[in-house]
Amino acid sequence: MREKTCCFTGHRQIPAREVEEVKKRLETTVSSLYRRGVCCYGAGGALGFDTLAALTVLRLRAVHPDIKLILVLPCLTQAKNWSKADQIQYERIKAQANKVVYTSQEYFPGCMHRRNRHLVEHSGTCVCYLTRQSGGTAYTVDYARAQGLEIINVAG
């Protein structure tokens with residue numbers, strides 16, 4: 001099933017001037033992967049790129065009903081300190097997901113790391129928004145590469 005599954009990883013901050021282009025690249029990339037037989041898409045539910053990726057999958061599911069969005073979330077309280085608007089969007093995405101997996105019930109210092117490893121370990125492709133070689137996204141992409149996943153960077 002890994003060969004039919006793609007995970008997403010990316011930075012929480014995307015410059016406003018790049019958001020529309022990243023959305024277009026995401027849609028093109030997911031459409032292309034779908035044509036190759038990839039039908040399950042795992043997102044980590046974070047702000048920024050994860051949210052854009054999840055919304056892209058949901059948009060494309062309207063055209064391709066067999067596309068599945070799997071949210072792999074680090075803990076039950078991930079969105080606790082987010083703005084009200086971001087929390088509402090998060091809950092809407094969760095409600096539309098085909099499956100929601102929590103890698104931990106409670107927050108702990110390594111729960112994001114655990115979530116990212118879970119996403120990679122269940123995927124054959126990793127679509128990322130990676131613009132710097134340090135931090136959680138860089139670590140996750142390096143881990144995906146080491147696990148033999150195809151890496152597609154939509155950062156341009």
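I take buried to mean under 20% relative accessible area, exposed over 50%, and partly exposed in between (1.4 Å probe, protein chains only). The model is predicted, so I keep local features at pLDDT of at least 70 and side-chain atom pairs at pLDDT 80 or more, while totals for chains, interfaces and linings use all residues. Numbering runs from 1 along each chain as its sequence is written, and side-chain values use heavy atoms, without hydrogens and water.

Rings. I pair Phe, Tyr and Trp rings (six-membered ring for Trp) if their centres lie within 6.5 Å; planes under 30 degrees apart are stacked, over 60 edge-to-face, the rest tilted. That gives me 5 aromatic pairs. F8 and F49 sit edge-to-face, 6.3 Å between centres and 70 degrees between planes. Both F8 and F49 are buried. Y139 and Y143 have centres 6.3 Å apart and planes at 5 degrees, so I log them as stacked. Y143 is buried at 12% relative accessible area, whereas Y139, at 34%, is partly exposed.

I also looked up which residues the ring pairs link into a cluster: F8, Y41, F49 and Y129.

Cores. For me a nonpolar core is a set of buried Ala, Val, Leu, Ile, Met, Phe, Trp, Tyr and Cys residues joined through side-chain atoms within 4.5 Å. The largest has 31 residues, and those touching the most other members are F8, V22, L26, Y41, F49, L69 and V127. Apart from that core I find another, of 9 residues, including V101, V120, C126 and Y143.
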